[in-house]
Amino acid sequence: MTEQGVTSVVLVGVGGQGILLGSEIIAEAALLAGFEVKTNEVHGMAQRGGSVIAQIRYGREVFGPLVPEGSAQVLASLEKIEALRFYRFLAPDGVAVVSSQEIVPVTVSAGKASYPLDADQRLEKLFHRLLCVDALKVADDLGSPRSANVVILGALSGYLNLDKDIWEEALRLRVKPQFLEVNLRAFAAGRDLARTGPVK
Amino acid sequence: MQRKILSGNEAIARAAYEAGVNLAAGYPGTPSTEILEAMVQYKDEVYCEWSPNEKVAFEVAAGASLSAARCLVTMKHVGLNVAADPLMTLAYTGVVGGFVACVADDPGMHSSQNEQDTRHFARFAKVPLLEPADSQEAYDFMKLAMELSEKYHIPVILRSTTRISHSRGPVTLGERQASPNRIGFEKDPPRFVPVPVWGRKMRLKLEEKLQEMRVEVNSHPANRIEWRGTKLGIVTSGIAYQYVREVFPEASVLKIGWSFPFPDQLIREFCAGLEQVLVVEELEDILEEHIRALAINCIGKAVVPAIGELSSDVLKASRARLEGIEPSACQIPEPSEVSNLPARPPVLCAGCPHRAVFYALGRFDVIVTGDIGCYSLGTFDPLNRIDTILCMGGGVSMAHGMDRVGEPRKVVGIVGDSTFFHSGITGLLDIAYNRGGSTTIVLDNRTTAMTGHQCHPGTGTTLMGETSRAASIEAIGKACGIPNVATLDPYKMDECIATLKNAIESSEPWLIVSRAACPLHARKRLGPILSVDKERCIACGKCLNLGCPAIEGGDGKPRVNPLLCSGCGMCRQVCPVGAFIDGKGNCHD
């Protein structure tokens with residue numbers, strides 16, 4: 001908790017990875033737990049394969065929807081280098097939950113830039129508390145590669161003060177019925193990783 | 001009472017519904033689009049439409065209002081430029097049924113071509129303006145706007161911004177109160193016909209209304225003083241209020257929700273007891289200028305940026321400046337781990353039919369005047385095939401202007417399907433009428449894609465889900481008098497290049513309709529997912545010139561990301577060695 005008793009979460013990735021749904025579920029869970037909540041997401045042009053950020057803040061009283069730099073309890077990223085790009089939002093004692101998925105930006109394909117080969121080392125050096133998750137493989141093993149976002153959601157839930165039942169209720173409210181079952185399993189798998197996985 | 005998490009846009013739609021709105025019209029534009037998308041769930045009780053453009057939407061609502069209907073019209077900030085003509089005079093005639101124009105600004109230009117401040121329009125048109133600070137206020141102020149509109153018989157602007165429209169927060173909902181108005185126009189020419197003799201009287205009437213509002217605005221609960229201390233007082237409005245509370249917790253605050261006409265008396269009362277007055281407003285110095293005009297000393301844009309959006313981080317720097325500290329002194333240098341990260345700009349999606357046209361245009365030495373929409377992404381490398389962008393429909397007319405002054409190269413104007421209906425037709429008519437020779441390409445992907453896939457006059461469907469008449473772009477071109485009208489399938493690269501060649505080498509005007517549905521909207525794969533046969537690939541880089549996000553290059557030979565590949569097969573058509581193979585190992589369709 002920061003000075004005003006607000007919990008902040010930043011969820012980042014690449015447009016199309018399902019950041020918006022993740023943000024909605026966190027907000028729903030916080031509201032179910034009786035908190036005030038504000039979130040913000042990027043729409044429109046930035047969604048088309050660009051870097052995307054969603055911000056969620058909850059507590060007894062929340063003013064702005066934007067997370068101040070250095071104040072997020074959790075920075076969760078669905079792509080490796082996007083965690084680096086948005087590092088500044090994380091609080092010094094916050095946890096970075098990072099999917100090991102790499103998505104090559106067009107700037108790299110066009111030969112104008114290169115994807116850092118030492119991304120893993122950079123993550124380890126930059127974040128004191130880091131959980132790296134192969135979310136895509138976990139989701140793939142469940143037969144639903146599109147649920148990688150919910151695996152990450154499960155993992156980040158391990159570092160927030162909201163009960164498991166509340167998370168599951170939030171999933172029920174926000175996920176379409178035909179995808180609920182597999183997403184509940186994806187969430188549980190992610191949450192297990194947070195419990196058992198290494199955080200430095 | 002039900003409490004739900006709603007975005008600002010959803011809150012506005014809900015409140016409009018509860019306020020007894022009979023009609024909601026608009027044109028899609030980030031960040032305003034989701035208001036009507038949320039509104040249409042109430043289509044049994046509220047008539048909803050996507051109009052061809054904002055001017056039409058505004059006029060549709062104006063007409064309905066004169067028949068005593070309660071109306072909501074929605075648009076982004078630049079949309080109000082298009083609708084400015086009816087706005088300026090509707091302020092004179094006044095309205096009958098409540099009329100609220102919800103206009104969403106985009107400070108920081110997240111998805112816009114400029115950063116104009118709609119608050120200027122309220123002062124310009126002499127109409128009241130409300131500025132909510134979160135979803136709950138978006139809801140409350142929508143209802144207030146409707147109430148004020150009917151009380152003063154005047155159109156009211158509800159100004160949202162990106163961080164209001166696209167932020168979510170809890171909102172306490174109520175029930176719909178049906179409008180007591182009986183639908184029916186009552187003839188009254190001196191009231192509704194602004195010919196000079198009556199227009200002059202309307203002008204005076206408008207001033208009377210403003211004078212009445214100038215009194216009410218001082219005691220209205222939408223404007224409130226929060227006293228905390230006398231050392232520092234902050235005058236603020238909209239989302240900026242939230243950042244003020246975070247960064248200046250000890251300061252007294254005058255929170256202005258109904259910001260035009262200005263609450264002069266309240267401002268004077270607030271500032272009188274303070275040692276220092278700071279004005280924190282997003283974008284222009286409208287409040288600051290007015291407060292100075294009241295002969296009150298204040299600080300504003302000297303410490304708070306006028307460019308870009310505000311945040312608590314931005315205000316922390318403002319606070320430092322106010323306290324005489326150079327904010328850069330507090331900045332922590334960026335760690336080396338985050339240096340040299342490759343940029344990740346937005347790109348045309350995998351399988352986007354626009355890509356083929358831009359790739360083909362790369363073969364010709366032409367100037368391409370572009371437009372507002374997904375195709376603006378054709379500007380960037382490696383496609384790099386748009387040379388100018390101005391406004392909706394501007395690409396068509398600008399091409400004609402260049403052509404008529406003797407621009408030595410051929411000029412090609414690009415416009416989207418929805419944009420063509422919005423304001424491309426008049427430009428095309430001009431080319432035909434004034435004997436132009438430019439080529440117009442309509443990138444028809446059967447939807448308004450950039451804003452999230454809305455229907456338009458060419459799709460054959462309406463916002464309310466009805467089947468409708470689909471306007472034909474080709475027939476419109478012919479009716480305008482364009483002698484050469486061609487339709488092409490952009491996924492057939494050879495056909496695309498051949499048609500472009502015919503048009504570009506011609507001295508006559510051409511209209512080319514490149515037609516293929518947006519695959520993101522159609523939600524279906526176009527063909528088999530491909531992969532690169534490393535044996536055959538000669539790493540020539542031709543496929544990478546498509547700028548397809550599914551083809552990942554970098555070191556070594558390109559790979560196809562199967563999660564992104566749409567199976568459009570453009571890469572197959574540009575590969576000289578047949579290295580793109582499907583699951584069966586075939587290198588051709």
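Predicted model: local features only at pLDDT ≥ 70, side-chain atom pairs only at ≥ 80, totals over all residues.
Which strand of chain B do two bridges join to β2(A)?

**View 1. Strand β2(A) meets a strand of chain B.** Two bridges join β2(A) to β8 of chain B, a strand that covers residues 167-173, and these two strands run antiparallel. Within this pairing, A:Asn40 has B:Ser167 of β8(B) as its bridge partner.

**View 2. The contact between chain A and chain B.** Chain A brings 46 residues to the contact, while chain B brings 43 residues. On the side of chain A that touches chain B, at least two residues come from each of α1 (19-32), β2 (36-41), α2 (80-85), α3 (106-109) and α4 (119-126). The most is given by β2(A), which supplies six residues to this side.

**View 3. The fold of chain A.** Chain A contains eight helices and six strands, and along the sequence they follow the pattern β-α-β-β-β-α-β-α-α-β-α-α-α-α. Chain A has a radius of gyration of 16 Å, close to the 16 Å that the globule rule gives for 200 residues, so chain A is as compact as a globular protein of that length. Taken along the principal axes, the box filled by its C-alpha atoms is roughly 50 × 40 × 35 Å.

**View 4. The interior of chain A.** Of the 200 residues in chain A, 60% are buried. When contacts in chain A between residues at least 6 apart in sequence are considered, 66% of them join residues at least 24 apart.

How values were computed: Residues numbered from 1 in each chain as written. Chains lettered and ligands numbered in written order. Contact = placed C-beta atoms within 7 Å. Helix = DSSP H or I, 4+ residues; strand = E, 2+ residues; numbered from the N terminus. Pairing = 2+ DSSP bridges. Rg over C-alpha atoms; globule rule 2.2 N^0.38 Å. Buried ≥ 20, exposed ≤ 12 C-beta atoms within 10 Å, placed from the backbone.
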